[in-house]
Amino acid sequence: MKEEGIELIKDGKRLDGRGFEELRPMKIEVGVLKRADGSCYFEIGNNKALAAVYGPREMHPRHLQNAKTAVVTYRYNMAPFSVDDRKRPGPDRRSVEISKVSRDALDPVILTEYYPKTAIDIYVELLQSDAGTRTAGINAASVALADAGIPMRDIVSSVAVGKIDGEVVLDLNAAEDNHGEADMPMAMVTRTGTITMLQMDGRLTKDEFERGLKLATNACREIYELQRTALIEKYSESVGGGEE
Amino acid sequence: MYKVVVPGDLVSEEVARAGDGTYVDDGKVYAMKYGIVHDKGEIKVVALTGKYMPTNGDIVIGKIIEISFPFWIVDIASPYEARLHTSEFSRGTERRMDFGSMSAHLDLGDLIVAKVLNVDALMRVDLALMDEFRIGDQEGRLVEISHTKVPRVIGRSGSMIKMLKEKCNCFIFIAKNGRIWIKGREENINLALQAVLMIDNEAHTSGLTDRVEHFLDQSCKKKRMESK
């Protein structure tokens, strides 16, 4: 994967001036969409993700209903203008796969048995992309799920690690992803340490893998704190006057 | 001061007190919903958002969306539709209702006040009619807010609703599923509507009853000035 003539690390710093174990700057906002039951806008570096959650609502078509649990659907979609070359709109092989793994990353924390026969629909739109969009989408979606009042065990946080110029680094950007040696996105429940998604593109040695996992775990904690704070701040202005 | 929690937050270590909106994992109690902790007796997490789930005995306002003999299918602002059996009308009489006469009693789009009789494991919801069940076409207006905010519209031991009724001089009926029926003179309805929407927007803030009262007093004063 490595190409000649591109130096991704200079004087111990990465192209955008970050250290090896540094996340890109993040921004998060809860409840940005009025029509959705729950929503969240999440930015990490140049990635901009918007998540909307609808439901639980009646499942259509009926034959896909599950008599005992709610069915969770997830749609990952990149806007045509989210990348340098226009992305042809609509689902493709890549986004169908990402939708599937993202759904599976969130499904273990959702207590679907509380809403039999219903559907919980998650829509994630990427407005701007700069590598690591599936992780940005999962972060946004899990906050949007909480905002929709859906019973969950935990909030999922997600980040990618990778290898560039022989070094294991956190949260790759597009240049690093394209010209680096490996990219490994993961999603986890920070409280229990349960990993709900783990993918790898490229090669890492066992040692590098373990180092990367540790890096990602710490980064997920950082992201989790941000997600939690955003939710709590939405209702921070002196909650409840004791009238309930 | 209430505490806001997100799913997965530790709320207590006393497993025996775990109540609604919490789950137990590894001997500790965690929040299951994004909401407010209530720590009286049982530890509960009351959701700030979410869909209405019917429970036995709830009084709801429903809308007839389908007639499928021998039931009316009723939308109750929930993920689940409810059904109302024809026997609700022929109770005490020998006569049975047939398909053709169903729409004469209740037609598509009609609004009713009903009580949730039973919810089974498959989430089939059965309704029973209340004595005063019919909401006529010309009788006021219906607003829909999140069911999680219903307790705020009622207020502690009914303080908010009592104040609303007095100041607006309206008949106000609040159903468990977040639908509110307001009946009265047109300008009074508008005032009550504004107050309800204000409560809906600011449900999580303190001193709300006083602020709503202040708002209503101001509006009334302004109206009196205008009419002079």
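**A tour of chains A and B**

The crossing of α2(A) and α4(A) is right-handed, and that's our starting point in this predicted model.

**Stop 1: two helices.** Select residues 133-147 of chain A for helix α2, then residues 206-234 of chain A for helix α4. How are packed helices described? By the angle between their axes and the distance between those axes. Here the angle is about 30 degrees, and the axes are 11 Å apart.

Now show the side chains where they meet. On α2(A), pick Asn139(A), Val143(A), Ala146(A) and Asp147(A). Facing them from α4(A) are Ile223(A), Gln227(A), Ala230(A) and Leu231(A). Colour this contact by class and you'll get five nonpolar, two polar and one charged residues.

**Stop 2: all of chain A.** Zoom out and switch to cartoon view. How many helices and strands does chain A have? Its secondary structure comes to four helices and 12 strands. A compact globule with 244 residues would have a radius of gyration near 18 Å, so the 19 Å of chain A agrees with that. Of those 244 residues, 47% count as buried. Among chain A contacts between residues at least 6 apart in sequence, 70% join residues at least 24 apart.

**Stop 3: over to chain B.** Bring chain B into view and look at where it touches chain A: 28 residues of chain B are in contact with 32 residues of chain A. On the chain B side, select α3 (150-154) and α6 (208-227), the elements that give two or more residues to it. By class, this side has 15 nonpolar, nine polar and four charged residues.

How values were computed:
Residues are numbered from 1 along each chain as its sequence is written. Chains are lettered from A and ligands numbered from 1 in the order in which they are written. This is a predicted model: local features need pLDDT of at least 70, side-chain atom pairs count only at pLDDT 80 or more; totals for chains, interfaces and linings use all residues. Two residues are in contact if their C-beta atoms, placed from the backbone, lie within 7 Å. Ala, Val, Leu, Ile, Met, Phe, Trp, Tyr, Cys and Pro count as nonpolar, Asp, Glu, Lys and Arg as charged, and the others, Gly among them, as polar. The radius of gyration is taken over C-alpha atoms; the globule rule is 2.2 Å times the number of residues to the power 0.38. A residue is buried if 20 or more other C-beta atoms lie within 10 Å of its own, exposed if 12 or fewer, and partly exposed in between; C-beta atoms are placed from the backbone. Axes are lines fitted to C-alpha atoms, for helices over the stretch in contact, and angles run from 0 to 180 degrees between N-to-C directions. A crossing is left-handed if the near helix is turned anticlockwise from the far one by less than a right angle, and right-handed if clockwise.
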